[in-house]
Amino acid sequence: MKESEETGTEEINTENVPGAARGMVRKLSDNSWEIPIGRTPGMRVPGRLFVSESLLEGIDPGTIDQIANVATLPGIQKYSMAMPDAHLGYGFAIGGVAAFDREEGILSPGGVGFDINCGVRLIRTNLQKEEVVPHIEALTEALFHNVPSGVGSKSRIRASDRELDDAFLHGARWAVEAGYGVEADTEHCEADGFLDGADPSHVSTKARTRGKPQFGTLGSGNHFLEVQYVDEIYDRDVASAFGLVEGQVTVMIHCGSRGAGHQICTDHLRELSQAVKKYGIQIPDKQLACAPAQSREAQNYFKAMLCAANYAWANRQVITHWTRETFEKIFGRDADDLGMDLLYDVAHNVAKLEEHRVDGKKKEVYVHRKGATRAFPPEHPEVPAAYRAVGQPVLIPGSMGTPSFILCGTKEAMDISFGSACHGAGRIMSRAHAKTEFRGQTIKENLEAQGITVRATHPSVIAEEAPGVYKSSSEVVNVVHELGIARKVARVIPLGVAKG
C-alpha cells in the first residue's frame, strides 16, 4: 500500500470560524469547511465538514478529530467527510463518509457502525390526513402492538436456520418470497433490497442466535415506526414522480439489523484489531481497527457485513407487511386499495464497492457511509426505473415531533461526496444526559397537545429521544440542499409514533 508523501501542516485561518471549532477548521465556502492536513499526524488527505455556521457552533471538537483521524487511513480518496448531522461515533464520526481504493485501501467496521444497514423506508398511501386523524390513536396503538419493539424484542416469526441463511443471502427478496410483500417492494429498495457476496459462514453462532428471533422487530433507541402526512411540496415535478401530494399520509420505518448486526460488528472488530498489528497499519485511534481491503480478515468482515445488511432489509420488509395488515384492519380496505406502495428504502450504515470518478478517472472504491445516506443522481443505473429521470429518493427522518424530509439525489453529490447525503438530524445530547433533562411523560403530553400520538415501551425511551436531543432536521436538510448534494422534494409531519 502506498504511503502519502504529503506530511506538511497548514496554518489555519480562524477568521469567521465559530464556536469550539475555532482553530480546527477553515471556511472554504458557505456550508463547507476544511480540516487541513496536519490536524492529526499522518493525514493523507484533508477533511471536509459540510455544515452551516450555526451548526458548526455545536460540533464537538472530538468529532472534528475523528474526521481527521479517518484521513490517516491507507488508500483514502479525496477527503474524509462528514455531513451536517455529524457527531461523535465509534472511530468514525456518525455522519461520516470515506472512500478507499479497492486494492490499496482498507475496510473498517468503525466506518459502518454496529447497527449495520440501519436505514429508512417510506410507504405511500392514498389516504388523506383528515381520513386518518380520527383513527390515529387506535392506529398507533395497533402498530405498536403488531410490530414488536424494544430491547431484546422477539418476532412473531419462528425462523429456521435455513430461513435465517436465506435472509442473510437474499435480504428483502427472501421476505417477499416468504409472503411478506410484493415484487415491486424489492424494485424500490437500494440495491434491490440485497447485496450480493454475503457469506453466512462468516457469521458466528452467537450472531445467529441473536438475530434468529428478531425478524420484524423495531428495536430501541432512535428506531421508530411513524405515521405522517405530507405538509409541504418543494418540487412538484419530482414529487409527482415519487407519487406524493400535499395532505397525503405516509408511513416511515427506521430500523436496522438488530442483534445480528451488532454481534457481527463486535466479532469482526476483534479480528481486525489484531490485523492492524499484523499488517503494520498505523492508526491514531484503536477504534479505527481495519485491514487491507483484499486481505482475508477484511473480506471475512465484508462478507459478514453483507449478511447483516441483507438481514436488515428483510427485517424492514417484514415490518412493512405487518404495517399493511394493520392499516387494512383499521380502515377495512386491502393494502392495494389503500395505495400502500413502497416509495423507497435506503441504507445509512454500510460499506459498498462502487464506481466513482476520482481525479478524472473511474475507480472502484469501498465507500463507507456511517450515518450517511446514498444520494445517486438522475440516469444512474442503480436508481429504480420509476425514478431514474429525477434521481434517487433520499429519506431523512426527523425526531418525534419534528419534520422528516424526502429529497432526491444529484449529479453534484457524485463530485462532492461520493453520492452521499446526511441521514437524519444528528444527536446533540447523550441518552444519559437526556434522561436528566427531560421527563418522558411530559414530552408525551406536549406532543399529544400538538396532535402527535406516541406509544413507547417506557417513558424513558421518550425522554432519550425527545426533540430537544437532536439538531434541527430542517437546518440539517437545508445544508445538503444548498450544497446541491440532495434537493428538497417534500416535508412530512408526524401524526403517530411507535417506538421501542
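**Close-up views of a predicted protein model**

**View 1. The largest nonpolar core of the chain.** In this predicted model, the largest nonpolar core brings together 128 residues, and those with the most contacts inside it are L49, V132, F215, L225, V227, M305 and F327. Helix α11, which covers residues 296-331, supplies the largest share of this core, namely 17 residues. Apart from this core lies another one, made of 39 residues, among them V230, M252, V390 and L395.

**View 2. The surroundings of F215.** F215 is one of the residues with the most contacts inside the largest nonpolar core. When its neighbours within four places in sequence are left aside, F215 is in contact with S155, I157, A159, L164, A167 and W174, and also with Y311, A314, N315 and W322.

**View 3. T323 in helix α11.** The helix that gives the largest share of the core, α11, is also the place of T323. This residue has a relative accessible area of 0% and is therefore buried, since buried means under 20%. Not counting residues up to four places away in sequence, T323 touches I123, L143, V147, L225, V251, I253 and M340, and of these L225 is listed among the residues with the most contacts inside the largest core.

**View 4. Helix α2 and the strands around it.** Helix α2 spans residues 61-70, and because 8 of its 10 residues are buried, this helix is largely enclosed by the rest of the structure. The buried positions in α2 are G62, T63, I64, Q66, I67, A68, N69 and V70. These buried residues pack against four strands, which are β2 (32-35), β3 (47-50), β4 (80-87) and β5 (94-101).

**View 5. R210 in helix α8.** R210 is found in helix α8, which runs over residues 205-211, and with a relative accessible area of 33% this arginine is partly exposed. Although R210 and R258 are 48 residues apart in sequence, their C-alpha atoms are 8.1 Å apart in space. The residues that R210 touches, not counting those up to four places away in sequence, are G259, A260, H262 and Q263.

**View 6. K411 in helix α12.** K411 is found in helix α12, which is formed by residues 411-417. Its relative accessibility is 58%, so K411 counts as exposed, the cut-off for that class being over 50%. K411 and G484 are separated by 73 residues in sequence, whereas the distance between them in space is 8.5 Å, taken from C-alpha to C-alpha.

**View 7. The whole chain, as a setting for the close-ups.** The protein chain has 16 helices and 19 strands. Its radius of gyration is 21 Å, close to the 23 Å that the globule rule gives for 500 residues, so the chain is as compact as a globular protein of that length. Taken along the principal axes, the box filled by the C-alpha atoms is roughly 65 × 50 × 50 Å. Buried residues make up 62% of the 500 residues, and among contacts with a separation of 6 or more, 76% are between residues 24 or more positions apart. The accessible surface comes to about 18300 Å², with 46% of this area belonging to carbon and sulfur atoms.

Methods
Residues are numbered from 1 along each chain as its sequence is written. This is a predicted model: local features need pLDDT of at least 70, side-chain atom pairs count only at pLDDT 80 or more; totals for chains, interfaces and linings use all residues. Side-chain values use heavy atoms; hydrogens and water are left out. Helices (H or I, at least four residues) and strands (E, at least two) are DSSP runs, numbered from the N terminus. The radius of gyration is taken over C-alpha atoms; the globule rule is 2.2 Å times the number of residues to the power 0.38. Buried means under 20% relative accessible area, exposed over 50%, partly exposed in between (1.4 Å probe, protein chains only). Contact means heavy atoms within 4.5 Å. Accessible areas come from the Shrake-Rupley method with a 1.4 Å probe; for residues, only the protein chains shown count as cover. A nonpolar core is a set of buried Ala, Val, Leu, Ile, Met, Phe, Trp, Tyr and Cys residues joined through side-chain atoms within 4.5 Å.
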